[in-house]
Amino acid sequence: MGNLRIVIAALATLCAVGTLLARGYSHVSWSADLVATYALHAAYLFLAFGILSLLIRFRVAAWIFLGSAAVHFAWSVSEGPPRAAAGAETVRVMSWNIRFGEPSGEKTLALIASGPADIIFLSESKKDFNDELRASKQVAEQYPHQLLFHNFAK
């Protein structure tokens with residue numbers, strides 16, 4: 001049982017250090033950035049593993065997991081949304097799965113036409129909706145350049 005406690009504490013330490021390093025160096029490498037993207041997910045896992053470790057009395061591992069969860073949560077809460085540098089040009093993107101909830105065509109077209117997005121990506125649109133989109137004068141005025149693919153959802 002003593003060896004298992006050491007192994008779990010070592011695993012907790014490796015996980016915590018790995019994700020924290022990835023967050024700290026996410027600007028350096030693509031792979032570190034990818035790991036850093038899941039740091040908040042890791043925090044929830046660390047919390048669960050910390051509670052589980054407490055329940056089975058692996059106290060060292062529990063405190064490492066719980067401490068790691070606290071650091072990850074605090075780091076995530078302290079970060080605001082990413083912002084462009086002052087004076088930099090930005091691109092606003094709207095992405096929407098059209099079939100989610102099957103919204104009415106009129107409401108969806110009105111939302112698209114009112115949106116301040118530069119690029120709109122609509123997934124799982126039906127042929128009928130694409131026909132409405134093409135026919136909408138309001139959308140055409142706001143977005144004169146449209147590219148619609150022809151493999152429609154059924």
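The crossing of α5 and α6 comes out right-handed, the label for a near helix turned clockwise from the far one by less than a right angle, with anticlockwise giving left-handed. This is a predicted model, where local features need pLDDT of at least 70 and side-chain atom pairs pLDDT 80 or more, while totals for chains, interfaces and linings use all residues. Numbering starts from 1 along each chain as its sequence is written, and side-chain values use heavy atoms, with hydrogens and water left out.

Helix α5 spans residues 105–114 and α6 residues 127–135; they pack at about 50°, with axes 11 Å apart. Axes here are lines fitted to C-alpha atoms over the stretch in contact, and angles run from 0 to 180 degrees between N-to-C directions. That angle makes α5 oblique to α6, oblique being what remains once angles under 35 degrees (roughly parallel), over 145 (roughly antiparallel) and 65 to 115 (roughly perpendicular) are taken out. On the α5 side, Gly105, Glu106, Thr108, Leu109 and Ile112 make the contact, meeting Phe129, Glu132 and Leu133 of α6 (contact: heavy atoms within 4.5 Å).

Zooming out, the protein has seven helices and two strands, in the order α-α-α-α-β-α-β-α-α from the N terminus. These are DSSP runs: H or I of at least four residues for helices, E of at least two for strands. Of contacts between residues at least 6 apart in sequence, 62% join residues at least 24 apart. Buried residues (under 20% relative accessible area, 1.4 Å probe, protein chains only) account for 26% of the 154 residues.

How values were computed: Buried < 20%, exposed > 50% of the residue type's maximum accessible area, 1.4 Å probe, protein only.
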